Amino acid sequence: MTDPDTPSAPPTATSAGVLRQLGRRKSIGSMVADAQTDAEGSGHLRRTFGVFQLTMISVGATLGTGILVILGEAVPVAGPAVWLAFVLAGVTALLSAVSYAEMAGMVPVSGSSYSYSYATLGEGVAWVCGWCLVLEYAVSVAAVAVGAADYVNETLRVFGLELPASLTAGPGVADDPGGIINISALVVVALATVLLMRGAGESGIVNTILVFVKLGILVFFAIVAFTAFKAGNFAPMLPMGAAGVTAAASSVFFSYIGFDAASTAGEEAKNPRRDLPRAIIFSMLIVTSMYVLVAVAAIGARQWQWFSGANAPLVQIVEEITGSNLAVLAFAVAAVLAIFSVVITVLYGQSRILLTMARDGMVPKIFGVVSRRTGTPLAGTLIVGGLVAITAALIPLGELADATSIGTLFAFFLVNLAVIYLRVKRPDLERSFTVPFGPVIPALGALACAFLMINLGGTTWAVFGVWMAVGALVYFAYSRRHSVVGRLSEQDYRTTLTP
């Protein structure tokens, strides 16, 4: 049986085969060594983050998307029990979060679940995981940026202004038949890209400030909403039955995408083995508590039927209750800033995932070049930001938000399996955090992810299938031929990569 922390032999003229290629692994020791070694013409990522900054990255990437962007879509599906949908999705995310925490303590590098899978389950699974993460981060940024447009318009309406329909949506959006380009989404992504190119430290400071703004506006909303609270709005609790809650939970899982952003900062953390697990757990507790609080307050303030077709429902509730343009203005501006923090941190995670994959030869080298001046992957950040900006500005997303959820759920499923695998194969590995109750919690996490995936619609599965097919073509046409692990000779491979 092959030791998962000892690299398997690369393919040779006689032993090469697709299964052998898919199963080759990269050792944890080699990952750490790669992170500490300059690539040609490249600099190091700089270790500037402590547990507080890492927690803020995770909260910044997570908190806000579900409440500020898709709450209006989730309530008509689940009814007053939408808060239970957030709890169910949160428990699923938390089960996976503790598995992430254990893996982050063992594999303290950038790359998140892609790196964890490469060290345990092999190159094929790692590629699938990385490809899912590309879908997760890119589409979620675009979806969140599109959601910012509604809040930008709410801000402008306070001054008697409003963007024309041609500038509020891309072509082909049913609700905006005259749409040409979503200019607000384009500007939000462009600004975030420029900020990230300046450096991780500066981005971290801005993100921390925006996280506190985000927490402040959600608490402000809860206070306002509770002044109009009616317990009768919660009856009947389950108008769509339990199936409505589980269907909504599958969709609002999109709200928890991003907690793993802290794990993409493994090479920029001062003490990753200690701080990454703490940051992941702390962020999940903060996010779940805020989601449930705001969902309960919103339903208490308005009957669940009111949310059908509502754009920017939270700011509309504030407007109806207070009747104050000043309150609406403050809330809408803060909401745009909150969404901006999500865009910053998720784009950050996307660029770090691609950086790690580039080191391994899975994607072109340009994504792995780190600027010596800024300590950031400038070219990779610019390319990712540009593509996401175009997507957000032109493409109607629709059920792609659910496609983001399915890609994320699959990646989380793989991380839970990796934890179980390493518990069996390498119980001796140093773990700065250990998931309690042995393999039971990771197994429950994997089952919960599979359950939510099953509850997603047929269109979502079709989109996911197409994405995976494209990923398979990319892997067999490019990645397996450029794989660093595959190119090394067996002797050099074992000498170089053995920890």
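**Aromatic ring pairs**

Tyr116 counts as buried, at 0% relative accessibility. Burial is defined here as under 20% relative accessible area, with residues over 50% called exposed and those in between partly exposed (1.4 Å probe, protein chains only). Tyr100 is likewise buried, its relative accessible area being 0%. The model is predicted, so local features need pLDDT of at least 70 and side-chain atom pairs count only at pLDDT 80 or more, whereas totals for chains, interfaces and linings use all residues. Residues are numbered from 1 along each chain as its sequence is written, and side-chain values use heavy atoms, with hydrogens and water left out.

In total, 17 aromatic pairs are present in the structure. Rings of Phe, Tyr and Trp (its six-membered ring) are paired if their centres lie within 6.5 Å; planes under 30 degrees apart are stacked, over 60 edge-to-face and the rest tilted. Tyr100 and Tyr116 form an edge-to-face pair, because their ring centres are 6.0 Å apart and their planes stand at 70 degrees. Since Tyr100 belongs to helix α5 (residues 82-106) and Tyr116 to helix α6 (residues 112-120), this pair ties together parts 16 residues apart in sequence. Helices (H or I, at least four residues) are DSSP runs, numbered from the N terminus.

A tilted pair is formed by Phe220 and Phe331, at 6.5 Å centre to centre and 40 degrees between the planes. Phe220, in helix α9 (residues 200-226), and Phe331, in helix α13 (residues 325-359), are 111 residues apart, and their pair links distant parts of the chain. Phe220 is partly exposed at 34% relative accessibility, while Phe331 is buried at 1%.

Elsewhere, Trp127, Trp131, Trp467, Tyr475 and Phe476 are joined into a cluster by ring pairs.

Note on methods. Helix = DSSP H or I, 4+ residues; strand = E, 2+ residues; numbered from the N terminus.
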